[in-house]
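Dear colleague,

I am pleased to pass the structure below into your hands. A short account of the findings follows it.

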Amino acid sequence: MRKILFSAALVLAAAPALADQTEGLILAFDRQAHTIVLTDHSVWQLPSDMAIPADLGQGDRIYIDFTSDGDNGVQAVTLLERLAVAMPLGADGGS
């Protein structure tokens, strides 16, 4: 019985991280801390060596690809891509 429990524990511990993704609008971006807050109030810690567009900022729509550790949360952000640039304040969007 102990061998079975030990084997099951090993399998669970060796389970691969799951890839996941999200997208949203940037509410706040702290370039120094490498932290992005989306409008849904989720906070994303970016790796310090990740390439980030120089003009990334509030209101931009972004796509984030990350690895998840199941119910334990995010392991690492692996990709950040800007999908749309925010419109400047006072711009009317036109049509």
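Leaving aside its neighbours within four places in sequence, with which residues is Ser42 in contact? They are Ile36 and Val37, where contact means heavy atoms within 4.5 Å.

Please note that this is a predicted model, in which local features need pLDDT of at least 70 and side-chain atom pairs count only at pLDDT 80 or more, while totals for chains, interfaces and linings use all residues. Residues are numbered from 1 along each chain as its sequence is written, and side-chain values use heavy atoms, with hydrogens and water left out.

Ser42 lies in the loop between strand E2 (35–38) and strand E3 (43–45); strands are DSSP runs of at least two residues, numbered from the N terminus. Its side chain makes polar contacts (N or O atoms within 3.5 Å, one able to donate a hydrogen and the other to accept it; residues adjacent in sequence count only if both atoms are side-chain atoms) with the side chains of Asp40, at 2.6 Å, and Trp44, at 3.0 Å.

E2 and E3 form a hairpin with four residues between them, and His41 in the turn has a positive phi of about 70°. The two strands pair in the antiparallel sense over three bridges (pairing requires at least two DSSP bridges), and Val37 stands opposite Val43 in E3.

Leu80 touches several residues beyond four places away in sequence, including Ile36, Leu56 and Ile62.
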